Amino acid sequence: MQNLCVLGATGSIGDSTLDVVRRHPDKYNVRSLSAYSSVAKMLTLCQEFLPDIVVLVKPDAAKALKRQLDALSLEHIVVHSGEQALIDIASCDKTQVVMSAIVGASGLLPTLAAVKHDKRVLLANKEALVTSGQIFIDALKNSKAELLPIDSEHNAIFQCLPEYQQRHIGQARIEDSGISKILLTGSGGPFRTTPLEQFDDITPAQACAHPNWDMGRKISVDSATMMNKGLEFIEAKWLFNLQPDDIQVVLHPQSTIHSMVQYKDGSVIAQMGNPDMRTPIAHAMAFPDRIESGVEPFDFFSCKNFEFGQADFARYPNLKLAIDACRSGQGACTALNAANEISVDAFLNEKIKFTDISKVNEHVMQKFMDVDITCIDDVVALDRQARDAAHQWVSKLLEQKA
Ligand code: NDP
Ligand code: MG
């Protein structure tokens, strides 16, 4: 029986994780859960999974949850608030497995804490790795933690790698295993064929309606702009110890192949399946074993098309920005991620246009790309500065609109 901490338990990845857990009560025990402020959903999860500790970052929400738990005679469930409490549950001695599924750079410190405390870390929160890069990988090297990718592409790549590479995440050299390229697939999102002249009018609801995947709002917008693929490009660099030229983005609208590894003898190994996050989650939870995930078996006879293409940077300027950031260095990656969190939030709140997202991102990335990052305090400081700069740029766009 393994004790599990789910960071971001009320989100889309949290849902899928707890659905896998629900199918294996003999294998996994939910020890702790976290969210930002979702009281009602957390109350339901507490009733079902009976965790020992729950964190709601927002103090008012934590108080409200505690009152409601007490009223249901669940007063033995301890409720904490604040960011330090996330770090505490992620590093707790009684927990062996940590699902890192907070959205955005807010997940960085608790995820790093889980790594430093030798947990099996299931990494969905790509922003944590994008913002800290080498610092994260060094922490992993200096620990006994096991890092398993949850992002479907990275989980697919992981599954297509030889065991030596799987056991030395972030460190093994791909050339030692005869690997010539990592093929990172992406669907192209909901606007793959939308005329570019219509991009200014794209609404948050349209951007959040992904054709193949059901996800949280931030990553849905990132998928529509392909910033998600850009963040995944940077994530892949660190997870698999790659150079930017080792990675090729391949558009594959059906999302059946979740990514591929090409070897120097001409072989290409792909991982396929229905687009359902319970597959990579179950894979990472049970690795190296396999467990049921609840995902339907893939039906090749109902799969009519199998298309592949190149991503066009005029359609997806955010993808180009992220690849440029990856080539540039950590300052650019940290700043770009922070800017993107602010610009996407501004778009979701209908303050800026869909096409403004890349403008804010580019401006902030250029401003901070030469900043040196050598420790986690540098990351936190740059993240804050880049957010401030992005907010200012959003305000400027709002003034222009008025
Ligand atoms: P959601 O928006 O659905 O869920 C986010 C979770 O994080 C919620 O539990 C939310 O709590 C919590 N949260 C939000 N802000 C904070 C904060 N400041 N501090 C602490 N907790 C916070 O996101 P997803 O589940 O879609 O994505 C989670 C991560 O997984 C992201 O990094 C994403 O890129 C990655 N990912 C997601 C995939 C997917 O299919 N959804 C696929 C691959 C990767 P509350 O409910 O209270 O707001
Ligand atoms: Mg992905």
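Modeller: Start with Glu163 and Arg167. Their side chains form a salt bridge, with the closest N and O atoms 3.6 Å apart. Keep in mind that this is a predicted model. Both residues belong to helix H9, which covers residues 163-167. They are four residues apart, about one turn of the helix. Glu163 counts as exposed because its relative accessibility is 52%, and the cut-off for that class is over 50%. Arg167 has a relative accessible area of 44%, so Arg167 is partly exposed.

Next comes the pair of Arg173 and Glu175. Their side chains meet in a salt bridge at 3.9 Å, N to O. A salt bridge here needs the nitrogen within 4 Å of the carboxyl oxygen. Glu175 has 47% relative accessibility and therefore counts as partly exposed. Arg173 is also partly exposed, with a relative accessible area of 45%.

Now take Asp245 and Arg327. Their side chains meet in a salt bridge at 3.1 Å, N to O. This pair links distant parts of the chain, 82 residues apart. Asp245 sits in the loop between H12 and strand S9 (247-251). Arg327 sits in helix H14, residues 317-328. Asp245 is exposed, because its relative accessible area is 55%. Arg327 has 49% relative accessibility, so Arg327 counts as partly exposed.

Salt bridges also join up into a network. Asp19, Arg22, Arg23, Glu48, Asp276 and Arg278 are linked in this way. The structure holds 25 salt bridges.

The magnesium ion (ligand 2) has Asp151 (OD), Glu153 (OE) and Glu232 (OE) as its protein donors. They lie 2.1 to 2.2 Å from the ion. Along the chain, the donors of this ion follow the spacing D-x1-E-x78-E. Glu153 lies in helix H8 (residues 152-159) and Glu232 in helix H12 (residues 227-239), so this pair ties together parts that are 79 residues apart in sequence. Glu153 and Glu232 are both buried. Compare that with Asp245, which is exposed.

The surface has a nonpolar side as well. Met272, Phe300, Phe306 and Phe308 form a nonpolar patch there. Together they have about 390 Å² of accessible area. Met272 belongs to strand S11, residues 268-272. Met272 is partly exposed, because its relative accessible area is 36%.

Finally, step back to the whole protein. There are 17 helices and eleven strands. The radius of gyration is 21 Å, which agrees with the value near 21 Å for a compact globule of 402 residues. Along the principal axes, the C-alpha atoms fill a box of roughly 60 × 55 × 45 Å. Buried residues make up 58% of the 402 residues. The accessible surface comes to about 17300 Å², and carbon and sulfur atoms hold 48% of it. Among contacts between residues at least 6 apart in sequence, 69% join residues at least 24 apart. The bridge between Asp245 and Arg327 also links distant parts of the chain.

How values were computed. Residues numbered from 1 in each chain as written. Chains lettered and ligands numbered in written order. Predicted model: local features only at pLDDT ≥ 70, side-chain atom pairs only at ≥ 80, totals over all residues. Heavy atoms only, no water. Patch = residues over 30% accessible without salt bridge, like charges linked within 9 Å, V, L, I, M, F, W, Y side chains within 5 Å. Areas by Shrake-Rupley, 256 points an atom, 1.4 Å probe, with all protein chains shown as cover. Helix = DSSP H or I, 4+ residues; strand = E, 2+ residues; numbered from the N terminus. Buried < 20%, exposed > 50% of the residue type's maximum accessible area, 1.4 Å probe, protein only. Rg over C-alpha atoms; globule rule 2.2 N^0.38 Å. Contact = heavy atoms within 4.5 Å. Donors = N, O, S within 2.8 Å, 3.2 Å for Na, K, Ca; no water.
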